[in-house]
Amino acid sequence: MPEAKSRKRKRGKKSGSKPQIQHQKEIKSNDVTKAKHGSQSNELAAASKRPKPSSSSSFLDKMKARLAGGHFRMLNETLYTCTGGEAFNYFKEDPSLFNMYHTGYQEQMSHWPEQPVNVIIKWLKDHNRSFIVADFGCGDARLAKNVKNKVFSFDLISKDPSVIACDMSKTPLDSSTVDVAVFCLSLMGTDYPSYLNEAQRVLKPGGWLLIAEVKSRFDPITGGADPNKFVKAISELGFTSVLKDFSNKMFILFHFQKKEKRESSKSKAIEWPELKPCLYKRR
Ligand code: SAH
């Protein structure tokens with residue numbers, strides 16, 4: 001069974017500085033993934049010690065898959081340890097990395113018994129088709145492609161004309177114009193509260209905030225965040241908690257509705273729990 005685990009986030013990164021791709025080489029052996037992130041030479045050195053494969057083409061395919069897996073895990077950790085603005089600049093410099101990330105992401109997700117995005121698609125199909133939706137961190141825009149609603153899809157890179165490339169803490173949407181804001185496994189940046197602030201801004205009063213996140217990020221026993229603290233913070237942002245669903249083995253679902261009025265407008269007073277990076281196992 002595939003498993004995604006959280007790991008303690010390295011602290012002390014300055015906001016605004018470039019994401020450090022080199023930090024991957026500093027990962028200690030007790031890292032839950034036991035991955036040698038980003039080091040092609042390490043991967044190749046390890047490969048040379050293995051028994052000779054029966055067919056050179058299958059050997060090469062395996063090596064390519066291993067390298068691709070290593071790249072994915074490196075990019076994944078980068079996204080979880082920098083701000084949205086840093087991630088945006090990082091992918092802008094080399095958009096091909098985004099494809100690499102998503103190939104690895106889809107590979108990992110193919111091992112999950114249920115895709116959280118499909119659960120959200122079903123929710124939208126069961127609700128008002130005229131709801132206007134904002135998909136924050138849309139990936140390949142699967143959500144927009146599978147519902148009849150008007151969907152604004154946002155991600156760091158746009159591979160499809162329907163996707164708006166931006167750091168989702170700053171979308172081009174007007175305030176109070178959206179009925180549903182979706183975050184499906186996309187609360188990745190260290191500044192994730194700024195994404196939720198943005199959702200609060202663009203949602204109409206009574207609008208829905210749907211969040212699906214990797215379960216291990218909300219497991220206090222293994223260093224994850226306390227889901228109650230997360231719900232409390234979002235409530236203080238101006239939402240009512242409607243649903244907390246822990247029934248899926250891999251992800252947790254939260255539903256909120258935007259309050260007509262926010263009691264306190266001081267978002268800086270909100271105590272946001274730290275969300276640990278989700279690191280994927282080497283396969
Ligand atoms: N929601 C999609 C993809 C999840 S992967 C699905 O469920 O299939 C998470 C996505 O969030 C990635 O594509 C990543 O690029 C995007 N993302 C992370 N931080 C972001 C940010 N600050 N702004 C825009 N997109 C972001």
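Student: Where does Ala 141 lie?

Tutor: Keep in mind that this is a predicted model. Ala 141 has a positive phi of about 60° although it is not a glycine. To place it, look at the chain between strand β2, residues 132–136, and helix α6. Ala 141 lies in the loop between β2 and α6.

Student: Is Ala 141 buried or exposed?

Tutor: Its relative accessible area is 1%. The label "buried" applies under 20%, so at 1% Ala 141 is buried.

Student: Which loop holds Ser 176?

Tutor: Here's another residue other than glycine with a positive phi, and for Ser 176 the value is near 55°. Ser 176 is partly exposed, with a relative accessible area of 38%. As for its place, find β4, residues 163–165, and then β5. Ser 176 lies in the loop between β4 and β5.

Student: Which element gives the most to the lining of the largest cavity?

Tutor: The lining has 37 residues, and Gly 137, Gly 139, Asp 155, Leu 185 and Ser 186 lie nearest the cavity's centre. Several elements each supply at least two residues of that lining, including α2, α3, β3 and β5. The one that gives the most, with six residues, is α4.

Student: By class, how many residues in the lining of the largest cavity are nonpolar?

Tutor: Sort the lining residues into classes. Five are charged and nine are polar. The nonpolar count is 23.

Student: Now the rings! How are Phe 72 and Tyr 101 paired: stacked, edge-to-face or tilted?

Tutor: The structure holds 15 aromatic pairs. In this one, the ring centres of Phe 72 and Tyr 101 are 5.3 Å apart and the planes meet at 35°. Stacked needs under 30 degrees and edge-to-face needs over 60, so at 35° the pair is tilted.

Student: How many residues apart are Phe 72 and Tyr 101?

Tutor: Phe 72 is buried at 2% relative accessible area, and Tyr 101 counts as buried at 5%. Phe 72 sits in helix α2 and Tyr 101 in helix α4, so the pair links distant parts of the chain. The separation is 29 residues.

Student: And what kind of pair do Tyr 192 and Trp 272 make?

Tutor: Their ring centres are 5.8 Å apart, with the planes at 85°. Edge-to-face means over 60 degrees, so this pair is edge-to-face.

Student: Which of the residues Tyr 192 and Trp 272 counts as partly exposed?

Tutor: Tyr 192 lies in helix α7, and Trp 272 lies in the loop between β8 and β9. Tyr 192 has 2% relative accessibility and counts as buried. The value of 21% belongs to the partly exposed residue, Trp 272.

Student: Which ring does the charged end of Lys 150 sit over?

Tutor: Look for a ring whose centre is 4.6 Å from that charged end. The ring belongs to Phe 152.

Student: Last one: how many disulfides does the structure hold?

Tutor: A disulfide is a covalent bond between the sulfur atoms of two cysteines. Take Cys 138, which is buried at 9% relative accessible area. Its closest cysteine sulfur, in Cys 166, is 9.0 Å away, too far for a bond. For the structure, the number of disulfides is zero.

How values were computed. Residues numbered from 1 in each chain as written. Predicted model: local features only at pLDDT ≥ 70, side-chain atom pairs only at ≥ 80, totals over all residues. Heavy atoms only, no water. 1 Å grid on protein atoms, 1.4 Å probe; cavity = no way out; pocket = protein on both sides within 12 Å on 5 of 7 lines; lining within 4 Å. Helix = DSSP H or I, 4+ residues; strand = E, 2+ residues; numbered from the N terminus. Nonpolar A, V, L, I, M, F, W, Y, C, P; charged D, E, K, R; others polar. Phe/Tyr/Trp six-rings, centres within 6.5 Å; stacked < 30°, edge-to-face > 60°. Buried < 20%, exposed > 50% of the residue type's maximum accessible area, 1.4 Å probe, protein only. Lys NZ or Arg CZ within 6 Å of the ring centre and 35° of its normal. Disulfide = S-S within 2.5 Å.
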